[in-house]
Amino acid sequence: MAKMSLDDLRKLRDVKKGELRRRETEGKEIQLIIGMGTCGIAAGAKATLDRFLSLLAENNLEDSVVIRQTGCMGLCNVEPTVEVIVPGMPDVIYGPVDPVTAEKIIRKHIIGKVLLDDIIRDRPAPDIF
């Protein structure tokens, strides 16, 4: 292994701190739960997850949104699926969610507080609200 300079070590520390900050849940009320079962991964969930991570960084949302991974959500025919939980809005599962759709979810649902009705696959019944 090559020797690392002090600057290299500082850069590595900053990268790792950023990665740890993304994983922290305290103070983050908005959740994105990405289905990463085998069916989701086969349908492209890894690319979707990567896009969500980059979008959160681009929009300075890393301190308010937590991304979680889960297994199969039982909606294999519309994978990749993403559950979105935003306070004051109904919890919904979107699918299929590709990287382009991930951008719409961030822009419209997370930032604009508007549901994307055309890709909602599951949500609580209206009489629950």
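Reply: The account below turns from the chain as a whole to its paired charges. The model is a predicted one. Its chain holds four helices and five strands, in the order α-β-α-α-β-β-β-α-β from the N terminus. The chain carries 19 positive and 20 negative side chains, with the centres of the two sets 6 Å apart. Side chains of opposite charge can pair when their charged atoms come close. In this chain, the count of salt bridges is six.

One of these joins Arg10 to Asp7, at 3.9 Å from N to O. The two residues are three apart in helix α1 (residues 6-23), and therefore separated by about one helical turn. Arg10 is partly exposed at 41% relative accessibility, and Asp7 is partly exposed at 49%.

Helix α3 (residues 45-58) contains both Asp50 and Lys46, four residues apart, or about one turn of the helix. Their side chains form a salt bridge of 2.8 Å, N to O. Asp50 has a relative accessible area of 36% and is partly exposed; Lys46, at 46%, is also partly exposed.

Another salt bridge links the side chains of Arg51 and Glu103, at 3.2 Å from N to O. Arg51 belongs to helix α3 and Glu103 to helix α4 (residues 99-111), so this pair ties together parts 52 residues apart in sequence. Arg51 counts as partly exposed at 22% relative accessibility, as does Glu103 at 33%. Arg51 and Glu103 also belong to a network of salt bridges that includes Glu58 and Arg107.

Definitions and conventions. Residues are numbered from 1 along each chain as its sequence is written. This is a predicted model: local features need pLDDT of at least 70, side-chain atom pairs count only at pLDDT 80 or more; totals for chains, interfaces and linings use all residues. Side-chain values use heavy atoms; hydrogens and water are left out. Lys and Arg count as positive and Asp and Glu as negative; His and the chain ends are not counted. The place of a charge is taken as NZ of Lys, CZ of Arg, CG of Asp or CD of Glu. A salt bridge is a side-chain nitrogen of Lys or Arg within 4 Å of a carboxyl oxygen of Asp or Glu. Buried means under 20% relative accessible area, exposed over 50%, partly exposed in between (1.4 Å probe, protein chains only).
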